[in-house]
Amino acid sequence: MPLIVLPTSQLLWVRVAALLFTCVAFSVASHGASLIHGGMADWCIFCWAFSFACTLLVLLVELFGLQARTPVSWTNFPITIACYASLLCLSASVIFPLFFLKDQPYLGETRDYRIAATVFSCLAAVAYMGEVSLTKARPGEVAGYMATAPGLLKVCQTFVACIIFILVSDPVSYNQHAALKWCMAVYCICFILSMAVVVLCVGECTGCLPIPFSKFLSAYGLLAVIMYLTATIIWPVFQFDKQYHRYSGQPSSKLIAAAVLTALNFLLYLADLAYTARLVFVSA
């Protein structure tokens with residue numbers, strides 16, 4: 001029988017706070033916010049429920065001292081979950097009030113429930129950011145790859161790519177030109193490779209690659225920067241230039257958001273390449 005370990009650390013209390021905040025957020029939203037299932041309502045509930053479930057799993061594993069028995073790298077798994085949870089709760093904290101509080105005719109108790117869900121979502125995002133800050137690698141410290149700046153950037157890259165997929169898929173806005181299909185290919189290829197790096201690190205499978213992991217990261221990082229640079233230029237040209245787009249009037253906010261996020265991901269990949277090159281040269 002595993003013994004129950006009750007550590008009293010700042011990290012423990014931050015995780016407990018995140019667990020409570022996400023639990024309250026999705027409980028309040030599900031119980032009294034009068035949400036219609038589907039769309040952004042389901043997305044926000046998923047963000048809170050996923051974060052709650054993963055945090056509960058991390059707490060239980062550490063509570064019973066089962067880190068060595070888990071099939072994943074425990075130096076990489078908790079911080080990866082915390083980083084994804086912080087981004088999910090942050091997105092829910094922005095989306096929920098925009099869709100369910102702004103310009104809504106609801107008054108009284110329903111509005112109070114929605115305000116409470118928003119507040120606890122914001123608190124959960126802050127708690128998860130605190131957990132990432134406490135567990136990320138410090139200069140000179142030996143830590144898992146996902147605790148380093150390039151590892152955290154991989155999480156951000158995959159999350160931003162998922163948001164781009166949502167924006168360009170409803171309605172489909174990339175099949176008018178071959179150049180826009182290339183942009184979609186860039187999003188997909190870079191997302192798959194970044195997610196593959198995350199899975200390899202969390203699953204401790206980096207040694208399965210036919211080439212050294214550091215060389216793979218450097219080559220992929222350079223390729224991703226070049227590909228995203230082309231998408232950052234091509235997407236706004238073929239979406240907003242009147243010579244190429246077929247619709248009249250102003251471009252939709254989703255297309256503008258996709259262009260902004262494409263540029264953001266380019267900067268994330270550029271920073272990732274700089275950090276990776278620094279790590280490779282320092283280790284060499």
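**Pocket, helix packing and cavity**

User: Which helix supplies the largest share of the lining of the largest pocket?
Analyst: This is a predicted model, and in it α2 (40–63), α3 (77–100), α5 (149–169) and α8 (253–283) each supply at least two residues of the lining of the largest pocket. Among the residues of that lining, seven come from one helix, which holds the largest share, and that helix is α3.

User: What is the volume of the largest pocket, and into which classes do its lining residues divide?
Analyst: The largest pocket has a volume of about 770 Å³. Of the 21 residues that line the largest pocket, the closest to its centre are S91, I95, I163, L167 and L261. By class, the lining residues of the largest pocket divide into 18 nonpolar, one polar and two charged.

User: Are α3 and α5 roughly parallel, roughly antiparallel, roughly perpendicular or oblique to each other?
Analyst: These two helices pack with their axes 10 Å apart and at an angle of about 40°. Angles under 35 degrees count as roughly parallel and those from 65 to 115 as roughly perpendicular, while the rest, apart from those over 145, count as oblique. The relation of α3 to α5 is therefore oblique.

User: Which residues make the contact between α3 and α5, and is the crossing left-handed or right-handed?
Analyst: On the side of α3 the contact is made by I79, T80, C83, Y84, L87, L88 and S91, and on the side of α5 by L152, V155, C156, T158 and F159. By class, this contact of α3 with α5 has nine nonpolar, three polar and no charged residues. As for the handedness, the crossing in which α3 passes α5 is right-handed.

User: How are α2 and α3 oriented to each other?
Analyst: The axes of α2 and α3 lie 9 Å apart, and the two helices pack at an angle of about 155°. Since angles over 145 degrees count as roughly antiparallel, α2 and α3 are therefore roughly antiparallel.

User: How many nonpolar residues does the contact of α2 with α3 have?
Analyst: In a left-handed crossing, α2 passes α3. The contact is made by residues that include W43, W48 and F50 of α2 and F77, F96 and F99 of α3. Two residues of the contact of α2 with α3 are polar and none is charged, while the number of nonpolar residues is 21.

User: How are α5 and α7 oriented to each other?
Analyst: Helix α7 (residues 213–240) packs with α5 at an angle of about 30°, with their axes 14 Å apart. The crossing in which α5 passes α7 is left-handed, and the contact is made by K154, Q157, A161, I164 and V168 of α5 together with L217, Y220, Y228 and W235 of α7. Because an angle under 35 degrees counts as roughly parallel, the description of α5 and α7 is therefore roughly parallel.

User: Which helix gives the most to the lining of the largest cavity?
Analyst: A search of the whole structure finds one cavity of 30 Å³ or more, and about 40 Å³ of space lies in the largest cavity. The residues that line the largest cavity are R15, C54, T55, V58, P78, I81, Y128 and E131, which by class are five nonpolar, one polar and two charged. Although α2, α3 and α4 (109–135) each supply at least two residues of this lining, the helix that gives the most, with three residues, is α2.

Key:
Residues are numbered from 1 along each chain as its sequence is written. This is a predicted model: local features need pLDDT of at least 70, side-chain atom pairs count only at pLDDT 80 or more; totals for chains, interfaces and linings use all residues. Side-chain values use heavy atoms; hydrogens and water are left out. On a 1 Å grid over the protein atoms alone, a cavity is a set of points where a 1.4 Å probe fits but cannot get out, and a pocket is an open set with protein on both sides within 12 Å along at least five of seven lines; lining residues have an atom within 4 Å of a point. Grid points are joined across faces, edges and corners, and a volume is the space filled by probe spheres set on the points. Helices (H or I, at least four residues) and strands (E, at least two) are DSSP runs, numbered from the N terminus. Ala, Val, Leu, Ile, Met, Phe, Trp, Tyr, Cys and Pro count as nonpolar, Asp, Glu, Lys and Arg as charged, and the others, Gly among them, as polar. Axes are lines fitted to C-alpha atoms, for helices over the stretch in contact, and angles run from 0 to 180 degrees between N-to-C directions. A crossing is left-handed if the near helix is turned anticlockwise from the far one by less than a right angle, and right-handed if clockwise. Contact means heavy atoms within 4.5 Å.
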